[in-house]
Each structure stands twice: as C-alpha cells, then as structure tokens.
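Here are my notes from going through the model you sent over.

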Amino acid sequence: MSKKNSNNDLMDKIVSLCKRRGYVFPSSEIYGGLNSCWDYGPLGAELKRNLKNYWWDSMTNRREDIEGLDAAILMHPQVWHTSGHISEFNDPMVDCKTCKARFRADKLAEARCPKKPSKSPLECGGELTEPRQFNLMFKTFMGPVEDDTNVVYLRPETAQGIYVNFLNVKNSSRQKIPFGIAQIGKAFRNEITPGNFIFRTREFEQMEMQYFIHPSEDEKYFEYWRQERWKWYQSLGIDMDKMRWHKHGDDELAHYAKAAYDIEFEYPFGWQELEGIHNRTDFDLSRHMEATKKDLRYRDDRYQEKFIPYIIETSAGCDRTLLTLIVNGYDEVEVKGEKRVFLRLSPKIAPIKAAVFPLVKKDGMPEFAEKVYHELKKHFKVFYDVSGAIGRRYARMDEAGCPYCITVDGQTLEDETMTLRDRDSMEQKRMKVDEIITFLTKQITA
Ligand code: ATP
C-alpha cells in the first residue's frame, strides 16, 4: 500500500472511530449532511470541554498576568474595516474550467479534484482560471431590513473582541503591562476549500491570547510565548517528533504581523498549521485608536512616556487541537492475534477518566462496584459497565480513550481493594477507593 493510501486509510479509520464512539458526527446527517460542518457527540463534547478548560486553566487560573474575556460574535461592522479584514482578509481563488470545481490558489498541491481518480488540480490537466481574491467573512443583517446599512459580520477571529476591550479589561482588572487577555470562542470563515474532517471548517472555535507589552520587549516575549505554547502541547502527551516550527517568510506574513511562527503537526494528510504565534506590533491598537479617536495608549509610573502597547498573539484552533489529539492518540495493536484500537488520550483531557466493572455479575460484586462508581462520580466523569466479558469491556474503553479501568473482584469483597488498570502500560495495581480518588486527581491535574 502506498504511503498516501495508507494515510487516507488512517483518516478514514479516525473518522469512523469518531462516529462509532460518539466523538464527532456529520452535521444534519439525516438530511445528507452539510459540507464541512460537524457536530460533537457525547464523548466529543466532553473532550472539547476538557480541552478548553485545560487551555483556560493554564492561560488564566494558573497565572497572575492574564485575564479572561467572552466577547460577542457580532461586532460593530466598522471594526472589520479598521482591522483590515474587509480589504485584506482574502484568499486567492481559482476555478477549473473543466470540472467547475473551486480551489484555493495557494493550496493547489494539497487540493483534490472532484473527478475520479482524484488528483491535485496541478496534475489533473484541467484548465484553471487566473486567481481572484475572495473575502472570507460571512455577512448577515442586523434587524429586519436586509440592506447595506444593516450588514454585520460573523467574526473571522476572536482577537478583535480583545482589542476593542483593551481599556475595559485594563481598567477593571488593574493589570499592568505586560499582561494578557485570553478568550475562547467561535469564529467563522467562508473557506474556499474546507476539508480534512474537522481540520478546516467554516465554523470553528479558537483559543486566543493577546499579550500586551512594551514595544522594546517584543522579541523577548515572542520567544517566551513560543516556548510556553510548545510546552503546552508537550504536556498533553503529543509526540514531539510530529511537531515542528514553521517561520513565516516575508511573502506569507499577514498584513498585521512583524514576525510569525506556526506550530505544525504531521497529520495523515501532511504537515499543517496547528497554532500561530504572531508579533502583531501596535498595528491593531493604533488602527482602533485612529478610527475611534479613543486614547488606547498605556502609561504607568515605570515609563516616562505614553505608548501604544505591542501585542504578541497565540492563536490556536480548538477543533484542530482536538483532531491533533485524536490523530496522535490513535493506535492499533495486536493483542492475542486480534487487532485492537487504542485511543491514547491524556487523562487531563480524556472524556471519561475511568470505568468501573464488576468482574462477574454475582457474589455482591455489582453492588460493590456500583457504590464505587457513585463515589467516584462525585469527582470525575466515570462509566459503569457490567455487560459482556471483562476483556471486551476493557477493549471498548481503550477505544473510547478512557485511561483507567477499575475492576471489582473476589479479593475486593475481602479487603476492599480493586485493580486499577492503566490503558497504556497495561499495569494493574490494587487500591482502595480513597487511593483511587487521590491517584486520579493527581493524573488529571498534573
Ligand atoms: P490557514 O493558513 O490554515 O488558513 P490561518 O493562518 O489563516 O490558517 P490563523 O488566522 O492564524 O490561521 O488562525 C489561528 C488558528 O485558528 C489556526 O492555527 C487554526 O488552528 C485555527 N483555524 C483557522 N482557520 C480554521 C478553519 N477554517 N477551521 C478550523 N480551524 C481554523
């Protein structure tokens, strides 16, 4: 099997696992689905929530210099003129005169022609039009009258909500520079070629942090945030051989950026951006200051003059990180001649932290196991399963990404200890319920 085929195969297996185990479903599936829209099922919703909480916790609760924000999706339309999105937030688009498909002109190598056998539009021989600029912002109307004066946009990034609230947050929190504002929220881009499952969609969630600094310290904090974000992925157990840095060349830099690095991950469909770290200089605050005539300059006793802060941005996609964790965790292993799937998610973000099983359905084991389950449920998301052979129950939880299984057996009834099995090392240890709670808490909050 060629590498390309086996990688396509891997993506198919991941999409199918996500559906089977309730991670991700096609949106409006009973109506035939809607291109590039996906719904998170019971385990997916839990994983996404855990991931966002983990990011929020490391960005805000565990620090003293970053405040949280939750700005509206709809903003004053002038914001998007000021930010440059109306004039600059374009992708070059080409049409194929042969098959009538549309492609992003700067991503032709990774695009696939709808005609079979599916090839890149660079190879299929179809005649392409000259590139045209296509604005990626979704428009809608505010109020009942659908005319140009009532146009509003669905935000294409969460960052602008942070910039326009810079003064509000600074004044209410009394933070001093350097400080940051973090936000998680939906963003919308009318992508020309969405695809690769939840990698590129038109509706997605971002986890963004904007760090306001003195202009003389931009290189120092740019470096600092690059290291911090790299370590953050490492702490989630991502294989660092599958991560790399991509430095933006002058031709790639966004209109607002002085320097930019992407953290890239090796997906089954190739190396792609997972998160962007940008030095946005004073571009955004200067533009908003000019447009609104509000003084967005900063001053405190440490500085002689007022200045417009520079901004270092860390911008991660929540859905893309979730896909990364699933790709990273997907593993097939031969166990006793049978191919078994493991989803090796870190306990920090795994949707279900532990499953509780009675070894057999008799001798008081189910009653004891249920008591343990209810006790653990007060602390963590846990699952109780009594049906089927114990091996099958383990296998179901391994595939669902659950890191620990707890089994109540004959010995439990004598000394109250149960086996706690680690999905990845397969090690089993005997523990009482209090020890299990302490152990799980340590693994989840480490
Ligand atoms: P690309 O070059 O892939 O279009 P970008 O450079 O435009 O991405 P940014 O504007 O830097 O992306 O957005 C920050 C992050 O938001 C990205 O690193 C990615 O994780 C996420 N993101 C951006 N666009 C999408 C999308 N269409 N679907 C899912 N996530 C996205």
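1. Accessible areas here are Shrake-Rupley values with a 1.4 Å probe, and for residues only the protein chains shown count as cover.

2. A word on the source before going further. This is a predicted model, in which local features need pLDDT of at least 70 and side-chain atom pairs count only at pLDDT 80 or more, while totals for chains, interfaces and linings use all residues. Residues are numbered from 1 along each chain as its sequence is written, and side-chain values use heavy atoms, with hydrogens and water left out.

3. Back to the ligand. There are 18 residues around it, and Glu191, Arg200, Thr201, Glu273 and Leu274 come nearest; a residue counts as near if one of its heavy atoms lies within 4 Å. The side chain of Arg200 has an N or O atom 2.8 Å from an oxygen atom of the ligand. Phe199 takes part through its backbone, with a polar atom 3.5 Å from a nitrogen atom of the ligand.

4. Which strands build that shell? Strand 10 (203-213), strand 13 (270-281) and strand 14 (310-317) each supply at least two residues, and strand 13 gives the largest share, five residues. Helices (H or I, at least four residues) and strands (E, at least two) are DSSP runs, numbered from the N terminus.

5. For the overall picture, the protein has 13 helices and 21 strands, and its C-alpha trace spans about 75 × 65 × 45 Å along the principal axes. Of the 446 residues, 50% count as buried, where buried means under 20% relative accessible area, exposed over 50% and partly exposed in between (1.4 Å probe, protein chains only). The protein exposes about 21800 Å², with carbon and sulfur atoms supplying 49% of it. Take contacts (heavy atoms within 4.5 Å) between residues at least 6 apart in sequence: 65% of them join residues at least 24 apart.

6. If you are thinking about cysteines, a search of the whole structure finds zero disulfides, a disulfide being a pair of cysteine sulfur atoms within 2.5 Å. Cys402 is in no disulfide either, and the nearest cysteine sulfur, that of Cys405, is 4.9 Å away. Cys18 is buried at 1% relative accessible area, and Cys402 also counts as buried, at 1%.

7. Have a look at Arg340, in strand 16 (residues 338-343). Arg340 counts as buried, at 12% relative accessibility, and its side chain makes a polar contact of 2.7 Å with the side chain of Asp398. Leaving aside neighbours within four places in sequence, the contacts of Arg340 include Asp331, Glu332, Ala395 and Arg421. Asp398 and Ala395 are themselves among the buried residues of helix 11.

8. Asp385 sits in the loop between strand 18 (382-384) and helix 11 (390-399). Buried or exposed? Asp385 is buried, with a relative accessible area of 7%. Not counting residues up to four places away in sequence, Asp385 touches Val356, Phe357, Pro358, Arg393 and Arg396. At the other end of helix 11, the helix is followed by Gly401, whose phi is positive, near 90°.

9. Helix 13 (residues 433-445) has 13 residues and reaches 18 Å from its first C-alpha to its last, close to the 18 Å expected (1.5 Å times one less than the number of residues). Its buried residues are Ile436, Ile437, Phe439, Leu440 and Ile444. Their cover includes helix 10 (365-377), strand 17 (354-358) and strand 19 (404-408).

10. Finally, a contrast: Gln304, in the loop between helix 8 (283-292) and strand 14, counts as exposed at 69% relative accessibility.

Terms used. Polar contact = N/O pair within 3.5 Å; in protein donor to acceptor, adjacent residues only side chain to side chain.
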